[in-house]
Amino acid sequence: MKLLGSIVLLLVLGSALAYKSYSGYQVLKTAPLTPAAMPYVNRLSRRFDFWGTPHVGRPATVMVSPEDAPIVIAAFNRMRISHEVSVADLGPEVERERAENEALRLALPRKPRVAAYDRYMTFEEIDAHIHETVDANPDVASILDLGLSYEGRELHGIKLSNGAAGQKSVWFDCAIHAREWIAPPVCLRIIDEVLADPALRDLADWYILPVANPDGYSYSHTDERFWRKTRRPNEGSSCVGTDPNRNFDFLWDGVGDFCSEVYPGSSAFSEPECGAIGNFVSSNADSLVLYVAVHSYGELILYPFGHTVEPVPNVDDLIAAGTASADAIEAVGGTRYSVENSAAGLCKKIPIFAHSNIK
């Protein structure tokens, strides 16, 4: 038993050594941004890791390495943007989260057909849960097989349907940004709710993809907590990955730095994960009435478009649906979400599908 304990300890230490250390990383938070500050902050956001897109009237949050902190702080001072250190050392916070999540995983193993909501599940656990859910509910559930990620992981979602002909359909995806670990539990909870309520399935066929970026999500668990992009290498650069949220073919913008967190890729749909989602949307365009992309950080419900403030034809319906959602969230959790046009709300072009989205 003593030998076994030593082996386990060595494995844990080895895992810790392989994981990126965030020792000395800081999180800086600005005062609410003014319109005059936005051009400068947007330029910074293409180089440094801002959490959430900078927005007029709201504080901006940026994670900086020990080497980059003086650069960003000096830039804020030049722009006369007030700021404070929100987290002085991110390293202990990351280590604490990993330790707590691993302790919960060992103490409370996932039960078959039951999603774990007391911790963050790995991609493999989520994929197994999807298959178990389909096996347990063959009359209403089926596997949504979208293909493979760059590293060969299966892009598996779930379809929930009462089987009525001519049904409209809705789509939900989560964790297209790898580090947004809180998003997959939202998709899994939606699956639970739709399975439990036939009336919801009478409204539409539900397509739900709990992990839209499986390579990046897995990498954020095994190597680098704040990894955001995909994992496909970029030719001619040591910087890996593309921001999948900017890789779709709706007003795709090919200008970008390989190393930027918002690099849009070498071409529209260069990332197989985005191409798979694009193929699904194109194939189901006649029935698809709602597309919801679930992100984390920001407390926003954003509706189309992301490139212009010109209203879409059904803008009143989108605002009404967003407001009803915000009311429901506030009633349950006490947090008020803001309902905004994507372009106006983020003050920055974000090429994504022109469907309802939450970011």
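**Salt bridges and the sheet**

Tutor: E93, R96 and E100 are linked in a network of salt bridges (a side-chain nitrogen of Lys or Arg within 4 Å of a carboxyl oxygen of Asp or Glu). The model is predicted: local features need pLDDT of at least 70, side-chain atom pairs count only at pLDDT 80 or more, and totals for chains, interfaces and linings use all residues. Residues are numbered from 1 along each chain as its sequence is written, and side-chain values use heavy atoms, with hydrogens and water left out.

Student: How far apart are the closest N and O atoms of E100 and R96?

Tutor: Both residues sit in helix 4 (residues 90–107), 4 residues apart, which separates them by about one helical turn. Helices here are DSSP runs of H or I with at least four residues, strands are runs of E with at least two, and both are numbered from the N terminus. E100 forms a salt bridge with R96, and the closest N and O atoms lie at 3.2 Å.

Student: Which parts does the salt bridge of R58 tie together?

Tutor: R58 pairs with E340, with the closest N and O atoms 2.6 Å apart. R58 lies in the loop between strand 2 (49–50) and strand 3 (61–64), and E340 in strand 11 (residues 338–341), so the pair ties together parts 282 residues apart in sequence: that loop and strand 11.

Student: Is D243 buried or exposed?

Tutor: D243 forms a salt bridge with R246, the closest N and O atoms being 2.4 Å apart. Buried means under 20% relative accessible area, exposed over 50%, and partly exposed in between (1.4 Å probe, protein chains only). R246, at 6%, counts as buried. D243, at 0% relative accessibility, also counts as buried.

Student: In which sense do strand 7 and strand 8 pair, parallel or antiparallel?

Tutor: Strands of a sheet pair through backbone hydrogen bonds, in one sense or the other: parallel or antiparallel. S169 stands opposite D205 in strand 8. Over 5 bridges, strand 7 (residues 169–174) and strand 8 (residues 205–209) pair in the parallel sense.

Conventions
Pairing = 2+ DSSP bridges.
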